Amino acid sequence: MPILVYAESDQGIFKKSTQELISFARAMADQMNTEVIAAVTQDPSSADLGQYGAHKVLNLENTLLSTFNAELVADALSQVARATGATTVIVSSSANSRYMAPLLAVSLEAGYVPNVIGLPETYTPITVAHNVFTNKATAFTTLQSGISILGLSKNAYGVHQYETNAEITPHEVTLTSSSVEITSLDKASNKVMIADAEVVVSAGRGLKGPENWGMIEELAEVMGAATACSKPVSDLGWRPHSEHVGQTGKPVASNLYIAIGISGAIQHLAGINSSKVKVVINTDPDAPFFKAADYGIVGDAFEIVPDLIQKLREFKAQNA
Amino acid sequence: MKILVCISHVPDTTSKINFNADQTAFDTAGVQYVINPNDEFGLTRALWLKEKQGATIHVVNVGGPETEPTLRKALAIGADEAIRVNQPATDGYSVAQALSAIVQEGQYDLVIAGRESIDYNGGMVPGMLAKICGYAFVNTCIGLEIEGSSVTAVREIDGGKENLKTTLPLVIGGQKGLVEESDLRIPNMRGIMQARTKPLHVKQTENINSMSQTLRYEKPAPKQAVTLVENAEQLINLLHNEAKVI
């Protein structure tokens, strides 16, 4: 029974998280002796998904899928799952996948486990480890349904290379209109998104005021990073809510998380805990963040950050 | 307009997370419970709708009698009636099924749930509930205006937001942005007194099945101590050569 992957793309580009999903599905497929089918909603001819492990690519040709609509994507994927006999569906942890997957689960009468952090520990039935309590614990959950949907946490598995020749075939789905209509989209095109970022530069109340964020944005720019902030900073209105990371804000699972002037409240640490490497810069050596961080500098952000920007520029020039 | 606000009963955000001796269940000893933050934003938005255009607000929780103080708190904040579905919340699917029976019986126009609970982080109940009931669904909702049966909503997406048009009946997965942190209400003495006499219905449901079962829990291994460095240069060196992230 094949494994179906919802291969999300953004403006025609398959995200790194999609490549990771396909590699994850491939490792499962090798264990289950089956194949990986990637379902795409935009022309996939530009990207070779076989190199990440896909055996087949189904191009869902339907103009209603040209912009993301959770109801329609769920409807389309449930048709594909039925047509291909897939018993496992892999989705990402993007906002769109989290929106869509519960609808798909009901359509397919499937069990759904999000925040999965590794390959199943058993395959019949499927048992997976997933983050709970905002990364403060891991749960091991068995799916009891005929079809299983797994939502893979970002950066939990990594991208692996294969030399599979994935054949692309058009696949027709029949869709009717949705009860939800998207009227407009407001998306910064030149900014790195927290959800996709490899590096996140985050700052807190230690910066004293919104007028001091220039150096944070500059540091983010040098590092190709997304900017984020602590809850108090967003509550004070210094930075937009969309930058708030932590338990009630956005989760962060980047390769590198740099916290500047953030003390490290338990709710904040929970939200960023999935990041691989954590750096803290704070004047207070007793700040709780130092217990959660891998590297730390005790010192004044207003001195360290400009120096860091300059040294990073030099580092990049040397390593370019 | 009839509004149902789904309330998760969750450990306070500052709680230490521990499990029982055989690691099969959350250890509730000494834990303070609160209304799930994402649900509390939704409850406040519901109160605004009631005050501005008239509505009755019911709150619902799926769980045992121990969750009733959390429902009473929602009543004290301003909900009119509470419902407790007397069923253990085993997984998202079974909770959504239980809630769907309440939604269908009560014929609610608007169902507000938090985008996820801060304990099990499933984030699946609102969407599953909408799909089972055949209601429209907007997740990560940060803006909601209702006129008659027309709805305009704003959804937070990765890297921006999306404006949507839909109609009642509707389920939303709410979060901060629906209202601000400073808009949240603390129950006053009058509210607390009134909440004691407001109805709290206990209901049973039938034919509920779970799709998944959690076998055990683990806590992360203790972290190694932080490596303190003196300056930017040392930091860059370690991030490049040791951590290999730049």
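**Entry 1: the bridge at Gly296(A)**

I looked up Gly296(A) and found that its bridge partner in β13(B) is Leu228(B). The model is predicted, so I note that local features need pLDDT of at least 70, that side-chain atom pairs count only at pLDDT 80 or more, and that totals for chains, interfaces and linings use all residues. Residues are numbered from 1 along each chain as its sequence is written, and chains are lettered from A and ligands numbered from 1 in the order in which they are written.

I then checked the strands around this bridge. Strand β17 (residues 295-298) of chain A pairs with β13(B) in the parallel sense over two bridges. I take strands (E, at least two residues) and helices (H or I, at least four residues) as DSSP runs numbered from the N terminus, and I call two strands paired if DSSP finds at least two bridges between them.

**Entry 2: the six-stranded sheet**

I traced an open sheet of six strands in the order β14(A)-β13(A)-β15(A)-β16(A)-β17(A)-β13(B), with parallel pairing. Its edge strands are β14 (226-229) of chain A and β13 (227-228) of chain B, each pairing on one side only. On this sheet I found helix α4 (residues 214-223) of chain A, which touches β13 (199-203), β14 and β15 (256-260) of chain A and makes about 170° with the direction of β13(A). Contact here means that the C-beta atoms of two residues, placed from the backbone, lie within 7 Å. Angles run from 0 to 180 degrees between N-to-C directions, with axes fitted as lines to C-alpha atoms, for helices over the stretch in contact.

**Entry 3: α4(A) and α8(A)**

I next examined α4(A) against helix α8 (residues 301-319) of chain A; their axes come within 10 Å and cross at roughly 20°. The two are therefore roughly parallel, a term for angles under 35 degrees. Among the residues making the contact I list Met215(A) and Leu219(A) of α4(A), and Leu308(A) and Leu312(A) of α8(A). By class, the residues of this contact are nine nonpolar, no polar and two charged. I count Ala, Val, Leu, Ile, Met, Phe, Trp, Tyr, Cys and Pro as nonpolar, Asp, Glu, Lys and Arg as charged, and the others, Gly among them, as polar.

**Entry 4: the ten-stranded sheet**

I followed a second open sheet, of ten strands with mixed pairing, in the order β12(A)-β9(B)-β8(B)-β7(B)-β10(B)-β6(B)-β1(B)-β4(B)-β5(B)-β11(B). β12 (181-187) of chain A and β11 (200-203) of chain B stand at the edges with a single partner strand each, so one side of each has no neighbour in the sheet. Neighbouring strands are turned by 30° against each other on average, direction ignored. Within chain B, β4 (residues 56-62) and β5 (residues 81-85) pair in the parallel sense over five bridges, and His58(B) stands opposite Glu81(B) in β5(B). Helix α2 (residues 68-77) of chain B lies across β4, β5 and β11 of chain B, at about 160° to β5(B).

**Entry 5: the two chains**

I recorded 71 residues of chain A in contact with 62 residues of chain B. Helix α3 (residues 95-108) of chain A gives the largest share of chain A's side, nine residues. That side divides into 36 nonpolar, 23 polar and twelve charged residues. I also found α3(A) lying across β7 (136-147) and β8 (150-157) of chain B, at about 90° to β7(B).

Methods
Angles under 35 degrees count as roughly parallel, over 145 as roughly antiparallel, 65 to 115 as roughly perpendicular and the rest as oblique.
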